[in-house]
Amino acid sequence: MAINKAQPDIGNYKYGFSDDIKPVYKSQKGLSEKVIHQLSDIKNEPDWMRQYRLEAYQIFKDKPDLDWGGDLSQLDYDDIYYYVKASDREERSWDDVPDDIKNTFDRLGIPEAEQKFLSGVGAQYDSEVVYHSIEEELDKIGVIFMSTDQALQEHPDLFREYFGTVIPSADNKFAALNSAVWSGGSFIYVPPGVKVSYPLQAYFRINTENMGQFERTLIIADEGAEVHYVEGCTAPIYTSESLHSAVVEIICKPKSRVRYTTIQNWANNIYNLVTKRAMAHEDATMEWVDGNLGSKLTMKYPSVYMVGERAHGEILSIAFASQGQHQDAGGKVVHLAPNTTSKITSKSISKDGGRATYRGLLKVGSGAANCKSNVVCDALILDPESQSDTYPYIEIDEQDVTIEHEARVSKIGEEQLFYLMSRGISEEDASTMIVNGFIEPLVKELPMEYAVEMNRLIQLQMEGSVG
Amino acid sequence: MQHQLTINNLHADVNGEEILTGVDLTIRSGEIHAMMGPNGSGKSTLANTLMGHPSYKVTSGAVTFDGQDLIELEADERAKMGLFLAFQYPMAIPGVTMANFLRLAVSSVRNNGTSDSTTTSLIPMREFRQELRQKMKKLGIDEAFARRYLNDGFSGGEKKRAEILQLAMLEPKIAILDETDSGLDIDAVRIVGESVNQLIGSDLGVLVITHYPRLLSYIKPDHVHIILGGRVVESGGWELAEQLEAEGYDAIREKYKEVDLDTKEQYTNTVPANV
C-alpha cells in the first residue's frame, strides 16, 4: 500500500476534470415523446423498441415518486439531458478514438488496463460506446460482447428474447425511465458450456453537464457457461445535479455461473439510482460484488431471484458515505425454488456527516423448501456526525427454511488507533488502515487492479479526515 | 550511541483520577529494569502514559527522551523517536495482515526525518520480506503468521509473540514490556522470555513491567523497582525480585501502608471491552 498524502485537493475527488468535447448530437433538456422519437430515429431502431420506449415513458409518468429511500426532492426531471452522443459511430480500434477522448481515458489509466487485460474493453464515453475492442478469442468461442445498441442491430432475435424479461419497465419508476431512454451499456451472451477465463470489462463515465446516463446492460449465460463482468466508473465534478439510472439484467441459465463486479466512484452531485437483477435457474450461481463510493445519493440493491432448484445467490456490497452523501444500498435475495441458498454481506462506512443505509430484502416464496440464507451487515462509523441505519426486510412464506441475520455497528476505537500509532503510524494512516481492513473481505474478491484502485479510493476518501 | 529515557516526578490522571503520584525512573541504553507491583499499583498506567495514550493525562512532572520533552508528542512521534510498548492487551485489527501492518510501521519509523513529512514511502517489498522472514525465523515464528490479520483470533501466546516480533522489526531504543507474561502458561512465558532475550543486545534499554517474577528468570534485570500507590517505593538489584518471590507483596504493602492506601481500590487495570 503506497501512502501518498501529497495529492492536490480537488474536493477529495481524484478524477474531477472535464475535457472540452463537443457532442455530435445533444437533445434538449427534459423528456417528451418527441425526445424519445428523436432518440429512436438517430439509433435507427426497430419499431418494437420505439413502442417499448414510449410505453415505458407512459409508465414513468404514471408512477408516483418514491415514498421511501433517499431524498429525491432536488431531482428535477425537466433539467436533464436524456441523450448525448459523443461521436458518431462505434470505434473498433484504439487508433480511431478521438484524441481528446483518449486524453481523458489516459488520465483514468485506461490504456494501462487495456494492456493488462487481454479481454475486450467496452469503454463507454457519454451515452455511446466509442471504443470497443473484442479479442479474437471471444469471437472464436462464440461469446458476444458489444454495446447494447449494437446488439439490438446485430442480434435482434436474441436481444428481443431476453430484453426486459428480468426487469420489466413497470418494475419501478427508474426502471421505467431507463426503459424509455436507455442508451449504451453492455450486451454479453456466453454460449452453453463456454467459460470465459478472464473478466470482461467496461469503463464509462458521464461527461456532459446535466446529462442523464441511462445505460442498459444485458447478460445471458447459457447452460453451464461462466463469465465475470467488471465495471468500474469515475465521473467529473459538476456543480448542478446529474442523474445516473442504469438497468442491469442478467439471466443465469441452469448450471451457469455469473459474477458482476462494480466499483463506482461518482462525483458528489450525482443521483445514482440503479436497478440490478439476476434470474438464477437450476444449479446456477449469481454473484454481485458492488462497491459504491461518491455520488450525492445512491439507491442500489442488486438482487438475485432464485427460480430453479439449488440456485445460489451471493451479494457483497460496500458503501462509503462521506460529507453530503447518502448511500442507500444493500441487496435482495428472493428464493422461489427449493434447496436454494443465498448470502448477503454488507459493509458500510460513514464519515464527515455521511449517511450509510443498509436496505435489504430476504424473501422466501411458498414451496421453496429447505432454503438457506445468511445476511451479515457491518457498519463502521468514523465520527459522531455520521450516520448508519439498517432496514432488513424479511418475508417468509415457507416453514422449512434456515435464516441467519447479523448486524453490527462499530466505531474506530481509540484503543485501535493508539495501538497502531504506538508503532509509528500516523493517525490518518492508522484510520485508513483500519477502514481498509474493514472492507478487506470485499476487496479480496476483486481483480488485483481493482483491489489496488479500491484501496487508493478509500485512501483519498480518508484524506484530511483527521485533525 | 547512548539513549536515555528520564521520568521525573510524574503525575498522571485517568478519567480525572490520579493514578501516578510521582514516578522517578531513568532507563539508559543497555539497561534492563524490572517494574514490579501488585494489581492497581499503576504499572500499566505508567506504560500507557509513557507511550502517549490519549486517555492518560500528565498533570505534572516530566518525561524526556534524550533530553527532548515527550509529553506533548503523539504516540506515533514517540515511536519514531525510538520508544516501544509491548501491550498487555494487543488490539485486533481485522482485515489488516501482519505483513502489511509491519511494513507501514517499519517504513514510518525508519523514514522519520529522512523524507517529506507528508509522505510515508514504503520500504521495498523484497527488502522488507527478506528482513521479516529472517526475524521470524530467529524468533521461531512460522512464516504463515505474516499473512494473518493482526491479532485477530490470535491466542494469548500468539499475541505476545506478535508483540515481540514487532519489537524485533521496529528496532526501538527503549522498549517497555507491559505484563508480557500475563495470561500465558509456563511454556509460553519461557518462549516469550527467550525471544526477548535474543533481542536484548548491548543497545536496547528495557523496562519490564510485571506482576510475577517468573518472566524475570529469563530476562534478568540489572535494576528492580517496586511500584505501589503510583510511585516507585523501592529500587535495588536482583535481590529485590528474589525477596518479592519469597515474601509476596503483602510484606511490601505492610511496609508502605500509607502509600498503599492512596491506591484507588476501585481502579484495577481496565481491560478494553473488545479484548
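This is a predicted model: local features need pLDDT of at least 70, side-chain atom pairs count only at pLDDT 80 or more; totals for chains, interfaces and linings use all residues.
Reader: Which residues of helix 9 of chain A are buried?
Author: Gln416(A), Leu417(A), Phe418(A), Tyr419(A), Leu420(A) and Met421(A) are the buried ones. Buried means under 20% relative accessible area, exposed over 50% and partly exposed in between, with a 1.4 Å probe and protein chains only. Helices (H or I, at least four residues) and strands (E, at least two) are DSSP runs, numbered from the N terminus.

Reader: What do its buried residues pack against?
Author: They pack against helix 10 of chain A and, from chain B, helix 1 (43–51), helix 2 (75–81), helix 3 (98–110) and helix 5 (156–170).

Reader: How many residues of each chain are in contact across that interface?
Author: 25 residues of chain A are in contact with 40 residues of chain B, where contact means heavy atoms within 4.5 Å. The two chains bury about 2,600 Å² between them, with 64% given by carbon and sulfur atoms. Buried area here is the accessible area (1.4 Å probe) that two parts lose on being put together, summed over both.

Reader: Which residues in chain A lose the most area to chain B?
Author: Phe418(A), Tyr419(A) and Arg423(A), which together make up 31% of what that side buries.

Reader: And the hydrophobic side of things: how many residues are in the largest nonpolar core?
Author: The largest has 116 residues, and those with the most contacts inside it are Leu420(A), Leu5(B), Leu50(B), Phe101(B), Leu165(B) and Leu207(B). Helix 10 (residues 427–443) of chain A supplies the largest share of this core, 8 residues. A second, separate core has 37 residues, including Val196(A), Ile219(A), Ala284(A) and Ala368(A). By nonpolar core I mean a set of buried Ala, Val, Leu, Ile, Met, Phe, Trp, Tyr and Cys residues joined through side-chain atoms within 4.5 Å.

Reader: What is Phe101(B) in contact with?
Author: Leaving aside neighbours within four places in sequence, Phe101(B) is in contact with Leu420(A), Arg423(A), Ile425(A) and Met433(A) from chain A, and with Val96(B), Leu150(B) and Gln166(B) from chain B.

Reader: Different topic. Where is Asn272(A)?
Author: Asn272(A) sits in strand 14 (residues 270–280) of chain A and is buried at a relative accessible area of 0%. The Asn272(A) side chain has a polar contact with the side chain of Thr298(A) at 3.4 Å. A polar contact is a pair of N or O atoms within 3.5 Å; within protein, one must be able to donate a hydrogen and the other to accept it, and residues adjacent in sequence count only if both atoms are side-chain atoms. Beyond four places in sequence, the contacts of Asn272(A) include His244(A), Trp266(A) and Ser295(A).

Reader: What about phi at Glu171(B)?
Author: Positive as well, about 45 degrees, and Glu171(B) is not a glycine. Glu171(B) is in the loop between helix 5 and strand 8 (174–178) of chain B and counts as partly exposed, at 49% relative accessibility.

Reader: Now confidence. What is the average pLDDT of chain A?
Author: Chain A averages 81, with 78% of the residues scoring at least 70; pLDDT is the predictor's confidence in each residue, from 0 to 100. Residues 87–92 of chain A fall below 50, and that stretch has 19 contacts beyond near neighbours in sequence in the model.

Reader: And chain B, what does it average?
Author: Chain B averages 87, and 91% of the residues score at least 70. Residues 113–118 of chain B stay under 50, and the model has 1 contact for them beyond four places in sequence.

Note on methods: Residues are numbered from 1 along each chain as its sequence is written. Chains are lettered from A and ligands numbered from 1 in the order in which they are written. Side-chain values use heavy atoms; hydrogens and water are left out.
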